[in-house]
Amino acid sequence: MRRGFRSGRLAVRPSSSPLAWAAALCLLAACQRTAPVPARDVHDTAPGADARRIEADVRFLADDLLEGRETGTRGYDLAALYVAQRLRAIGLQPAGDDGGYFQRVPLLRAQRVDGGGSLIVHRPGATVALKYREQFLPQLDFDRSQARVAAPAVFVGQAVHAPELNYDDFAGLDLRGKIAVLLHGAPARFDIDRRAFYSSMQEKFAALVARGAVGAVIVASEDEEQRQPWARSAQNWARPGMRLRGADGRALDTFPQLQVVASVCAAAAPLLLDAGGRSARQVFRDAREGSLRGYDLPGTLELSSLTRIAPTQSRNVVARRPGADPALAREHVLFSAHLDHVGIGAPVRGDAIYNGALDNALGVAILLEAAQQLARAPSPPQRSLLFLAVTGEEKGLLGAHWYARHPSVARDSIVANINMDMPVLLTPTRDAVPVGVEHSSLQATLERAAGEVGLRLSPDPSPEESVFIRSDQYAFIRAGIPAVYLTGGIQAQAAGTDGRAVLREFLRERYHQPGDDVSQPIQYADAARLARLNARIGQRVADDPERPRWNRGDFFAERFARPTTAAAQTAAP
């Protein structure tokens, strides 16, 4: 396990002013004192200064000192303190709790007990106990420390009920008092929006509970494990999870009716799915071909789990730039990026710190640069701007959900969310990918802004991954706020370089691994261009007399859009 500083990491350059005071900031934080307020930055306008500022921020936020910025840890708190002081130095107003830059986020922390769980398949004439970690893991339980359930089981495909598409995985099946066995994902024939929506475990679990299920087993497919091997995930079995904590001390957004939920690797799938002339191999093939059918499983399943649960707390960082128009200043354009990563985990080639340079130190650095540009814009934005660095994204978009429910400004005053997450900028590109922009009038705004910055726009290269529901903008989508998720491009500038292959290689080798650090060839000039795009979008949305609008008939609008009211137009911060 490597700790401390890597060689040259905190060398202060004349153009890297954030690092000059960051070291003092951290030393003071270690002594439990409030960090000093730095003087407002002297804005460097020399060529490349924006890229150097972004690099300086990434090098600090992804340093080993912060130990991977896991939510609820000292490393994350240092990162939050750093970002708050950067926003203060830029000249933005605090917009958190008690007149400060922080918003408290109450949480419950849960952690597995080694060997504290079981998955036993009882079939006529045979009983098989799956091996903990090697073949299965109980999912974290935020509602009780010990749980056990034994019941008949039913395979329910991908647990999708989409009545608008005349699709129902539950047709002809009785789940009352039974354990549901299911696969991830949604049918490939669904359009991108519905595929993303119905892939959400939140939607799947809600459907199971509505039908009376008492437990669930999620089986990984062979295709999934080609992208994310079971062994890689299972080696971090002890990593804690978190949920939001309500005023009564209980977890929010859980499904206690499902008494135990477990995950099973693809190699062990036959132990559950081979029955009645059906097989796991056939099930996986049917999933690829879109012909899955549910069926009753013989015998019973017995599941148990053992979890340590404790209250904890983290914090979002929030700042505000007031708008210039007396009326429009009551409304807000919200920029967001998640500050947390996954912390310390199983060592890979001797390195146990999962630094999260691209995911998402780079996204936060781009947000800070966009904030700096907008704070000094020659034409002040007419609407007010909010800059939000959220906690707990890696734990389930927790900080974003908390802010969407408890905003520090009037709820109806937030007109749009521009989110930045994991821009994979490892080769010079000529484009950016705006995920989910087609749902609202933000698309036209983004296209004009991209033209002004000189960027092309590319569609989501991997719609099957359903990333639109896997980053913080989805919390604001669910609150009815039009949003776009910006990430790095895939059109390489160099002839013969495949930008998609560069992205795939990162996802395969370094995503959520210690290798996501600053030793990668991060393209800071591209990051600066993405910051300019962020700033241009924000300026255009802020200056438009009309609020962004959902597209008529849009899938997410029909589910989540809030009605436009007079109060929304005049809401005060």
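For the charge tally I count Lys and Arg as positive and Asp and Glu as negative, leaving out His and the chain ends. On that basis I get 69 positive and 63 negative charges in the chain, and their mean positions lie 2 Å apart. I keep in mind that this is a predicted model.

**Overall fold**

I looked up the secondary structure next and found 17 helices and 20 strands. The radius of gyration came out at 24 Å, close to the 25 Å from the globule rule for 573 residues, so the chain is as compact as a globular protein of that length. Along the principal axes, I have the C-alpha trace spanning about 75 × 55 × 55 Å.

How much of the chain is buried? I noted 58% of the 573 residues as buried.

**A stop at F190**

I found F190 in the loop between strand 8 (179–183) and helix 4 (192–199). Is F190 buried or exposed? Its relative accessible area is 5%, and buried means under 20%, so I put F190 down as buried. Leaving aside residues up to four places away in sequence, I listed what F190 touches: V160, A162, L165, Y167, R195 and Y198. I also took one distance from here: F190 and G249 are 59 residues apart in sequence, and their C-alpha atoms sit 39 Å apart in space.

Methods:
Residues are numbered from 1 along each chain as its sequence is written. This is a predicted model: local features need pLDDT of at least 70, side-chain atom pairs count only at pLDDT 80 or more; totals for chains, interfaces and linings use all residues. Side-chain values use heavy atoms; hydrogens and water are left out. Helices (H or I, at least four residues) and strands (E, at least two) are DSSP runs, numbered from the N terminus. The radius of gyration is taken over C-alpha atoms; the globule rule is 2.2 Å times the number of residues to the power 0.38. Buried means under 20% relative accessible area, exposed over 50%, partly exposed in between (1.4 Å probe, protein chains only). The place of a charge is taken as NZ of Lys, CZ of Arg, CG of Asp or CD of Glu. Contact means heavy atoms within 4.5 Å.
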